[in-house]
Amino acid sequence: MPEDVFKALADPTRRRILDELAERDGQSLFEMCGRLTARHGLGLSRQAVSQHLAVLEAAGLVRVRREGRYKFHDLNTAPLEDIMTRWLRPDAPESTP
């Protein structure tokens, strides 16, 4: 799973999507497209944004919830916390160079 997270974070557009969700969670695809265009000048199609969101969802960084016909996207920081604790655990053995 960490490999998926690193792959998802490698793309600057996906990082901007995560920034937007960190600022305002629970966005629809339409809303996300509008914010990316207005705030970052990214003229991406809805299909392109949807594909980026699918990569983020596969990595566990985004959760999708349905309400009627609409899908809303929420940030999930658990995978980032897992990666962080992997190297910052107090009980982890120290490596030698």
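Let me start with how helices and strands are named: both are DSSP runs, helices being H or I with at least four residues and strands being E with at least two, and they are numbered from the N terminus. With that in hand, Val-55 sits in helix H4.

Hello everyone! Before we go further, a word on the source: this is a predicted model, where local features need pLDDT of at least 70 and side-chain atom pairs count only at pLDDT 80 or more, while totals for chains, interfaces and linings use all residues. Residues are numbered from 1 along each chain as its sequence is written, and side-chain values use heavy atoms, with hydrogens and water left out.

Let's stay with Val-55 for a moment. Is Val-55 buried, partly exposed or exposed? Its relative accessibility is 29%, so Val-55 counts as partly exposed; buried means under 20% relative accessible area, exposed means over 50%, and partly exposed is in between, using a 1.4 Å probe and protein chains only. Leaving aside residues up to four places away in sequence, Val-55 touches Ala-8 and Arg-14, where contact means heavy atoms within 4.5 Å. Glu-81, on the other hand, is 26 residues from Val-55 in sequence and 18 Å from it in space, C-alpha to C-alpha.

Now let's zoom out. The chain has five helices and two strands, and from the N terminus on the order is α-α-α-α-β-β-α. Its C-alpha atoms fill a box of roughly 50 × 30 × 20 Å along the principal axes. Of the 97 residues in the chain, 31% are buried. Take the contacts between residues at least 6 apart in sequence: 50% of them join residues at least 24 apart.

On to the two strands. Strand S1 covers residues 62–67 and runs antiparallel to S2, with six bridges joining them; strands pair if DSSP finds at least two bridges between them. Which residue in S2 is the bridge partner of Val-64? That is His-73. Further along, Glu-67 stands opposite Tyr-70 in S2. The two strands form a hairpin with two residues between them, and Gly-68 in the turn has a positive phi of about 65 degrees. As a general point, side chains in a regular strand alternate between the two faces of the sheet.

Next, salt bridges. How many does the structure hold? There are seven, each one a side-chain nitrogen of Lys or Arg within 4 Å of a carboxyl oxygen of Asp or Glu. One of them joins the side chains of Glu-23 and Arg-35, at 3.3 Å from N to O. Glu-23 lies in helix H2 (residues 12–23) and Arg-35 in helix H3, so this pair ties together parts that are twelve residues apart in sequence. Glu-23 is exposed at 52% relative accessible area, whereas Arg-35 is buried at 16%. Both belong to a network of salt bridges that links Glu-20, Glu-23, Arg-35 and Arg-39.

Here are two others. Arg-24 and Glu-31 meet at 2.4 Å, N to O; Arg-24 is partly exposed at 36%, and Glu-31 is partly exposed at 24%. Arg-65 and Asp-74 meet at 2.7 Å, N to O; here Arg-65 is partly exposed at 32%, but Asp-74 is buried at 14%.

Last stop: the largest pocket. Rolling a probe the size of a water molecule over the atoms shows where empty space is left. On a 1 Å grid over the protein atoms alone, tested with a 1.4 Å probe, a pocket is an open set of points with protein on both sides within 12 Å along at least five of seven lines, and lining residues have an atom within 4 Å of a point. About 250 Å³ of space lies in the largest pocket, a volume being the space filled by probe spheres set on the points.

Which element gives the largest share of the lining? Helix H4 does, with five residues. Helix H3 (29–40), helix H4 (46–58) and strand S2 (70–75) each supply at least two. The lining includes Phe-30, Arg-46, Leu-53, Val-64 and His-73. By class, the lining has six nonpolar, three polar and three charged residues; Ala, Val, Leu, Ile, Met, Phe, Trp, Tyr, Cys and Pro count as nonpolar, Asp, Glu, Lys and Arg as charged, and the others, Gly among them, as polar.
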